[in-house]
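Good morning, colleagues. Please look at the sequence and the structure on the screen, and I shall then take you through the arrangement of the chain and the surroundings of the ligand.

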Amino acid sequence: MPIDLRRLTLREIQLPLREPFHISSGFVADRRILLLELTDADGFTAWSECVAGEIPNYSPETIDTAWLAIQLWVAPRVFSTSFTHPSEVHQTLEHNFRGHRMAKAAVEMAIWALHAYRTGESLSKTLGGNRDKVATGISLGIQQSPDELTEKARKACREGYRKIKLKITPGSDIEFVRAVRQEVGDSIALMADANNAYTMGDLETLLELDTYNLIMIEQPLAWDDLVRHAELQRRMATPLCLDESITSVDRVHDMLTLKSGRIVNIKPGRVGGLTASRSIHDLCQQHGIPVWCGGMLESGIGRSYNVALASLPNFTLPGDISPSARYWEKDIVTPEWTMDRTGFVAVPTGKPGLGVDVDVGRIENLTTRSETLLA
Ligand code: OSB
Ligand code: MG
């Protein structure tokens with residue numbers, strides 16, 4: 001039975017983070033979140049989340065550009081197409097339509113979830129996942145002092161996280177990484193994420209990071225660079241992991257050709273959705289490149305997609321898929337996402353679609369604007 005889309009509601013909500021999140025390229029305290037509700041001709045509905053931020057400090061997209069792109073171009077295109085399978089949506093949205101991947105992803109992912117609800121399967125199973133729990137890491141924002149950071153890292157260890165990621169920036173790097181490594185010991189998987197804060201002019205600092213037994217350094221150089229990362233990777237022993245630079249499966253081909261990195265962070269929003277995420281996953285698997293699922297401070301809705309994706313076999317490293325309580329006083333799904341004491345989040349394989357219920361009443365209360373588009 002074809003999937004014919006009939007209605008798409010865009011909504012913006014505002015959800016305060018329990019603690020502000022500081023990275024080299026910006027700062028978030030109150031998360032403005034774009035949610036979608038998509039309904040098909042048979043009355044099935046799926047919620048999804050657009051991961052774009054408030055300002056273009058991570059990628060060129062923002063919540064406002066995504067709203068416009070969905071309204072003007074993405075929705076009309078999916079409304080005028082009848083899909084037999086969600087894997088067709090990505091190509092439909094790429095044809096003569098450049099960029100706007102987070103906007104496209106929000107819609108593409110909702111269609112995957114719709115398909116899962118239609119077939120009564122979990123999104124994990126629909127995508128080809130084979131795990132019933134996913135290993136979880138925590139991403140710690142830049143702190144005022146090494147002491148504050150080590151305190152947070154110590155707490156994360158106690159809570160069972162299987163990987164600790166430290167956000168770094170020039171001036172808050174070596175000392176902070178050294179202090180945390182000393183505090184947590186050598187057994188915990190530790191990594192650093194620079195969000196593009198360095199250039200090859202900082203080679204000395206970057207090479208010093210090579211001495212702290214980090215499992216990887218994420219995206220030290222420019223957000224769209226592959227060439228300089230290749231040069232840096234030639235000089236460093238620590239694997240480089242690319243985040244911002246990987247916007248499609250073609251960029252992974254380029255990374256492999258150039259040897260710009262040895263690990264890939266997959267965020268479905270950044271690459272245009274779940275079909276592209278799966279292609280990247282498969283290509284990396286063929287080349288012995290481990291992948292892990294990144295995070296964009298998602299609400300419980302976006303998180304459900306990340307959990308499903310991370311259940312695929314080549315997601316062999318812990319993802320930035322922390323439980324709801326790490327981010328929010330109260331999430332917008334029930335049950336909230338939780339992590340067990342050994343650092344795993346359960347994949348809701350026994351429930352159709354996202355596997356969590358969306359708290360529509362609470363979303364109504366948090367909504368600052370909404371708009372419904374009809375086919
Ligand atoms: O680089 O991975 C990143 C959040 C916003 C923008 C970029 C990044 C991040 C994170 C958050 O690291 C990870 C999470 O959602 O827990
Ligand atoms: Mg990153």
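Predicted model: local features only at pLDDT ≥ 70, side-chain atom pairs only at ≥ 80, totals over all residues.

The domain assignment divides the chain into domain 1, covering 5–120 + 356–374, and domain 2, covering 126–346. To the contact between them, domain 1 contributes 42 residues and domain 2 contributes 49 residues.

I turn now to ligand 1. The space that ligand 1 takes is the largest pocket. Around ligand 1 there are 15 residues, of which Lys-167, Asn-195, Lys-267, Leu-297 and Tyr-327 come nearest.

Next, the polar side chains. Lys-267 places a polar side-chain atom 2.9 Å from an oxygen atom of ligand 1. For Asp-193, an N or O atom of the side chain is 3.0 Å from an oxygen atom of the ligand. In the case of Asp-243, the distance from a polar side-chain atom to a ligand oxygen atom is 3.1 Å.

How much of ligand 1 does the protein bury? Taken alone, ligand 1 exposes 390 Å², and the protein buries 96% of that area.

Thank you for your attention.

Terms used: Residues numbered from 1 in each chain as written. Chains lettered and ligands numbered in written order. Heavy atoms only, no water. Near = heavy atom within 4 Å. Polar contact = N/O pair within 3.5 Å; in protein donor to acceptor, adjacent residues only side chain to side chain. Areas by Shrake-Rupley, 256 points an atom, 1.4 Å probe, with all protein chains shown as cover. 1 Å grid on protein atoms, 1.4 Å probe; cavity = no way out; pocket = protein on both sides within 12 Å on 5 of 7 lines; lining within 4 Å. Sits in = over half its atoms within 2 Å of the grid points. Domains from an automatic or database assignment. Contact = heavy atoms within 4.5 Å.
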